[in-house]
Amino acid sequence: MDAAVTIRRGVPSGAEERVAALYWEAFGRKLGAALGPAERGRAFIARHLHHDRAAVALSPAGHVVGVAGYQLGGRGLTGGGARDVFSTFGLFRGLPRLAVLALLERTPAPRELVMDGIAVDPAHRGTGIGSLLLTEIAAVAAEHDCSRVRLDVIDVNPRARALYERHRFTAVHTEQTPYLRKLMGFGAVTTMHRAVPAHPGSGAPGDTLEQQR
């Protein structure tokens, strides 16, 4: 466990390009069809970040070495709507990109926080930063009276899935997506849930969504 890093909520001012670079390094294959080429995609992400929808890991020097984005209250870490896509790529190139982005869209259910993924600097992987970020996201979910955290993991990322399973995420559904293998590099997506206990003093019912069904 990397005890030298500090976990904080929110993207620090001035770190937008760094966060965008980490996200692109981790998810560029998936995002490239919608926002590529890489330089333009990173710029788009940096320009449309919602700063308050992430937990970040900071090195002792204050550099962002890890980020975990999430969707809550109708907003996620990565923003930008149709108008922004058209402004960046033009109408005719923008339309197919919007269709690809629609394939990646995930809307939270009531009392649900949706993870947008974790990206850690390659030089800092294996030091426990992913675990620290997941713990912080779970705390955010509890404080916002969420009953569960939801995320999706692709079939070509077993390391991420193992991390999520260690943090009590359980697979609930796998969707086969062979039509996305050539476009985005993966052929199946597994949805995972982690139940979140009621935050002390929240007055929320103790049952999780799974228990209520």
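The structure is a predicted model, in which local features need pLDDT of at least 70 and side-chain atom pairs count only at pLDDT 80 or more, while totals for chains, interfaces and linings use all residues. Residues are numbered from 1 along each chain as its sequence is written, and side-chain values use heavy atoms, with hydrogens and water left out.

The protein chain contains eight helices and seven strands, where helices (H or I, at least four residues) and strands (E, at least two) are DSSP runs numbered from the N terminus. Its C-alpha trace spans about 50 × 45 × 30 Å along the principal axes. The radius of gyration is 17 Å, in agreement with the value near 17 Å for a compact globule of 213 residues; this radius is taken over C-alpha atoms, and the globule rule is 2.2 Å times the number of residues to the power 0.38. Of the 213 residues, 47% count as buried (buried means under 20% relative accessible area, exposed over 50%, partly exposed in between, with a 1.4 Å probe and protein chains only).

Helix 2 (residues 38-47) packs against helix 3 at an angle of about 145°, and their axes are 12 Å apart; axes are lines fitted to C-alpha atoms, for helices over the stretch in contact, and angles run from 0 to 180 degrees between N-to-C directions. The contact (heavy atoms within 4.5 Å) involves R40, F44 and R47 of helix 2 together with D84, V85, T88 and F89 of helix 3.

Within helix 3, the buried residues are V85, T88 and F89. Seen down the helix axis, these buried residues fall within an arc of 75°, so they line one face of helix 3; the arc is that of the directions from the helix axis to the C-beta atoms. R83 and S87 are exposed on the other side of helix 3. The cover over the buried residues includes helix 1 (16-35), helix 2 and helix 4 (91-104). G90, with a positive phi near 90°, follows helix 3.

The loops hold some backbone details too. A cis peptide bond, with omega of about 5°, joins G36 and P37, and P37 sits in the loop between helix 1 and helix 2. D145, a residue other than glycine, has a positive phi near 65° and is partly exposed, at a relative accessible area of 29%. R168, also other than glycine, has a positive phi near 70° and is exposed, at 57%.
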